[in-house]
Amino acid sequence: MWDDVAAAAVDPDILSRRVRFVPARRASQPAATSALVRVLNPGVASTGKARSDVRNGDGGALPASQSAPAGPAPLFPPERLLGMLGWSSVRGAGPGLSNLGQTCFMNAALQALAHLPPLAQLCLSRHHSRGCRVLGWCAYCELEALIVELHGSAARSLAPTAMAGKLRLIARHFRPDRPQDAHEFLLGLLSRMRSAAAEGKCGGGGAADGVGGAEPKCCSSEVDQLFGGSLVSTLTCGVCGGSTTARESSAGLSLGLHKAATVERALRNFTASEPVKGDDSFWCAACAAKVEGTRRLRLGDTPHVLVLQLKRFRYDCARGASKLCHAVQYEEELDLAAVCEGAGLAPGGGAPLPLTYRLCAVVAHEGRELHVGHFHCLARASSGVWHRFDDDKVRQASARQAVGAEAYLLFYVRTPPPARGAAPAFAAEAAAAG
């Protein structure tokens with residue numbers, strides 16, 4: 001056998017044969033780490049030039065400021081989503097969700113999603129399932145069916161058995177009957193929904209098993225428009241003052257709580273200038289030398305649904321990882337004007353939209369340990385009344401309780417603009433769907 005291998009190794013015909021590579025059909029990274037990726041400047045991203053010049057100091061020139069090119073035609077009409085930012089009808093709070101064995105993280109995240117007006121109304125209209133092209137299990141269809149049941153059932157609680165049985169399709173490292181992180185579950189679910197929304201419509205989407213495949217070539221589905229945004233990174237030379245900007249996609253913001261007792265302070269810290277020096281110094285073409293300077297992050301495209309993760313953890317070399325349990329103040333209203341780059345456009349560009357947001361749901365974590373505790377959700381029903389969803393237990397809560405919880409995830413929805421022309425059309429579709 002080894003003689004045959006040696007002969008084949010020197011066969012000229014084999015050596016000259018062309019090797020053809022094809023894209024992998026399965027994602028290589030855990031679902032929780034694959035956020036909603038949106039290519040905003042494909043010319044730069046394809047070469048990697050801007051990232052290597054700015055961050056690695058490889059001797060290249062400091063690239064000129066670039067703006068995102070016009071994207072493809074949207075898969076979902078942006079103006080229609082604007083009509084869904086507020087509730088079109090009043091419904092009850094809905095039932096709770098049974099704990100199926102360490103699934104409080106999933107129940108809390110699902111209740112939060114079910115009480116976001118634009119996503120809930122999309123699901124109630126059965127927009128996705130009526131045109132779904134996913135072969136096999138579809139996370140988007142599963143969530144849609146659950147939200148329809150949550151908003152229409154008279155039962156005291158429902159058992160999300162189907163979703164719990166597919167946790168490993170949402171995040172491969174999840175295991176049954178083990179506590180998991182609500183934020184990781186949320187990111188994994190949104191990633192699967194994004195693939196499902198684009199399946200068969202723009203050259204990409206999920207694999208047949210619903211785990212996902214090649215990333216969609218466009219980024220204009222309703223999931224992208226609701227949850228996808230961008231960050232603008234500005235690198236400024238400390239010698240000549242020249243600067244360059246680059247855009248990066250984001251699916252919500254993770255805010256550090258070090259020296260931050262309020263969400264507003266955490267946002268200002270997130271967007272504050274930081275020095276770039278020492279080994280992180282970069283090449284400036286104008287100065288023809290490696291220089292030190294500053295880097296600053298700002299919000300670029302703003303999503304309709306802003307998800308804020310409050311990083312309630314820290315790492316100490318002596319004690320390891322621990323939870324930050326101090327109170328963090330947040331309000332029912334949030335204004336992003338001070339941390340946005342320019343007017344703060346919606347994903348895909350277009351006319352400037354309101355930069356004020358309203359708190360719709362809170363996922364809180366009880367307990368003083370990182371890996372031991374309990375998740376629950378506080379959500380604002382379509383009636384405007386807050387409720388606490390603690391697995392299968394649902395009870396009315398006050399606004400003070402909603403803004404005084406030990407918050408881990410905050411869900412803010414953009415304030416609807418004055419014109420809401422898409423609302424009547426949606427209401428008719430929802431009524432037709434039953």
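Apart from its neighbours within four places in sequence, Ala405 is in contact with Tyr330, Ala364 and Leu378. The model is predicted.

**Ala405**
- Ala405 sits in the loop between helix H14 (399-403) and strand E18 (407-414).
- Ala405 has a relative accessible area of 14%. Ala405 therefore counts as buried, as the cut-off is under 20%.
- Tyr330 is 75 residues away from Ala405 along the chain, yet their C-alpha atoms are 9.6 Å apart.

**Strand E15**
- E15 covers residues 374-380, and seven of its seven residues are buried.
- His374, His376, Leu378 and Arg380 point one way from E15. Phe375, Cys377 and Ala379 point the other way.

**Partners of E15**
- Strand E14 (residues 356-366) pairs with E15 in the antiparallel sense, over six bridges. Within this pairing, Cys377 is the bridge partner of Val363.
- Strand E16 (residues 386-390) also pairs with E15 in the antiparallel sense, over four bridges. Here Leu378 stands opposite Arg388.
- E15 and E16 form a hairpin, with five residues between them. Gly384, in the turn, has a positive phi of about 95°.

**Helix H8**
- H8 has twelve residues, 139-150. At 1.5 Å a residue it should span 16 Å, and its end C-alpha atoms are 16 Å apart, so the two agree.
- The buried residues in H8 are Ala139, Tyr140, Leu143, Glu144, Leu146, Ile147 and Leu150. They cover an arc of only 165° around the axis, so they lie on the same side of H8.
- In an α-helix, residues three or four places apart point the same way, because there are 3.6 residues a turn.

Terms used
Residues are numbered from 1 along each chain as its sequence is written. This is a predicted model: local features need pLDDT of at least 70, side-chain atom pairs count only at pLDDT 80 or more; totals for chains, interfaces and linings use all residues. Side-chain values use heavy atoms; hydrogens and water are left out. Helices (H or I, at least four residues) and strands (E, at least two) are DSSP runs, numbered from the N terminus. Buried means under 20% relative accessible area, exposed over 50%, partly exposed in between (1.4 Å probe, protein chains only). Contact means heavy atoms within 4.5 Å. The expected span of a helix is 1.5 Å times one less than its number of residues. The arc is that of the directions from the helix axis to the C-beta atoms. Two strands pair if DSSP finds at least two bridges between them.
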